[in-house]
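Here is a friendly walk through one structure, told as questions and answers. Have the viewer open as you read.

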Amino acid sequence: MKKENELCGARSPLDRLWELTGAAAPRVTLRIFSAGSCRHPEWVTIRGGSLRSVRIPALFACIGHPVLGPVLFDTGYSERFFAETDPFPARLYRMVTPVEFDPGDSAARRLAAAGFDPASIRRVVVSHFHADHVAGLRDFPKAEFLYEREALDSMRRLRGIGAVKRGFLPGLLPEDFDARARPFAPESRIEVPEGLLPGFPFRRVTDVLGDGSLLAVDLPGHAYGQIGLLLRTERGPALLCADAAWSEAAYRENRPPSALAGIIMPDRRAYADSFRALRALHESFPELTIVASHCPEAERRYASGQVCP
Ligand SMILES: [Zn+2]
């Protein structure tokens, strides 16, 4: 086992990114869980997919930081989702996206079962504010919320059915959300010099915690201000890519979602760029483990709550 860990922890060219932060960026652990799922015809989620309805898990991550403790990346669905989508027009969301959820599926319950007290969670990084990523936020009363400012500002400009159409249910945010909100600060941006890292598609990263441990990358298009999270585990680098692709097969085989899925996207051109960036990362850095929030393969492989990859 030790040998395997040593092998996987071999130096990656991506380490240069962490050197850029100027901090002795600590390595973290990564655990993936699922918090509910929905169903869609496969062809909506991936080009060339079949007509059959497939289960699409809502994954979230628990990142173990050696000093700051557990940091969540998104939260999946929760019971609150059903209360919020009971009245119209929000009910349309549930009609278009049939959600399967048992009480034990919430992020808080999953974490408790794995030995993490939800009240001990101090930080949740939010990839974007779609309901299937933020429905569990109210279950973490002590957490601060870290995110790209535009991700929320763009949603709060929407009202009524316009917000529902974009997947935003404001009632999912805790009453005291603003008091606990920590949008990324300008000084957390780090420019990636041209030529530093051949094949790396981003010109900037964001040092989310200020110690170089979690680097956000911009993956807009599916939602404004969507981010992914690059992290370095003992076993190698990983990218939590949120909804920039809905499965590993999609970016591996260059099969983006159908035009129908584009209806919910505010910026399809940006989505195409983000999807291309994922493909570039996958091809240039084969040692990078990429986890998409709704990937059935990732769920099978990782969502046991064990340390991965
Ligand atoms: Zn999603």
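Two strands pair if DSSP finds at least two bridges between them; helices (H or I, at least four residues) and strands (E, at least two) are DSSP runs numbered from the N terminus. This is a predicted model, in which local features need pLDDT of at least 70 and side-chain atom pairs count only at pLDDT 80 or more, while totals for chains, interfaces and linings use all residues. Residues are numbered from 1 along each chain as its sequence is written, and side-chain values use heavy atoms, with hydrogens and water left out.

Q: In which sense do strand 9 and strand 10 pair, and which residue of strand 10 does T206 stand opposite?
A: Strand 9 covers residues 204-207, and two bridges tie it to strand 10 (residues 214-218) in the antiparallel sense. The two form a hairpin with six residues between them, where G210 in the turn has a positive phi of about 80°.

Q: Why is strand 3 described as largely enclosed, and how many of its residues are buried?
A: Strand 3 spans residues 69-73, and it is largely enclosed by the rest of the structure because its residues are buried. The number buried is five of the five.

Q: Which residue of strand 3 is the bridge partner of C62?
A: Strand 2 (residues 53-65) pairs with strand 3 in the antiparallel sense over five bridges. A hairpin of three residues joins the two strands. The partner of C62 in strand 3 is L72.

Q: Does strand 3 run parallel or antiparallel to strand 5?
A: Strand 5 covers residues 123-125, and three bridges join it to strand 3. Within this pairing, V71 stands opposite R123. The two strands run parallel.

Q: Which element gives the most residues to the lining of the largest cavity?
A: A cavity is a set of points on a 1 Å grid over the protein atoms alone where a 1.4 Å probe fits but cannot get out, and lining residues have an atom within 4 Å of a point. The search of the whole structure finds one cavity of 30 Å³ or more, and the largest cavity holds about 60 Å³ of space, where grid points are joined across faces, edges and corners and a volume is the space filled by probe spheres set on the points. Two or more lining residues come from each of strand 2, strand 12 (236-242) and strand 13 (289-292). The one that gives the most, with three residues, is strand 2.

Q: How much space lies in the largest pocket?
A: A pocket is an open set of grid points with protein on both sides within 12 Å along at least five of seven lines. Strand 1 (29-41), helix 3 (42-45), helix 5 (91-96) and helix 9 (160-165) each supply at least two residues of the lining of the largest pocket. The space in this pocket is about 680 Å³.

Q: Which element gives the most to the lining of the second largest pocket?
A: About 250 Å³ of space lies in the second largest pocket. Of its 15 lining residues, the closest to its centre are E42, T45, I46, S247 and P296. The element that gives the most, with three residues, is helix 13.

Q: Which backbone oxygen does the side chain of R180 reach, and at what distance?
A: R180 is found in helix 10 (residues 177-180) and is buried, with a relative accessible area of 11%. Its contacts (heavy atoms within 4.5 Å), leaving aside neighbours within four places in sequence, include F140, E144 and P174. The R180 side chain reaches the backbone oxygen of A143 at 2.8 Å.

Q: Is H130 buried or exposed?
A: H130 lies in the loop between strand 5 and helix 7 (131-134). Not counting residues up to four places away in sequence, H130 touches M155, R166, G167, H222, A223 and I264. At 5% relative accessibility, H130 counts as buried.

Notes:
Buried means under 20% relative accessible area, exposed over 50%, partly exposed in between (1.4 Å probe, protein chains only). A polar contact is a pair of N or O atoms within 3.5 Å; within protein, one must be able to donate a hydrogen and the other to accept it, and residues adjacent in sequence count only if both atoms are side-chain atoms.
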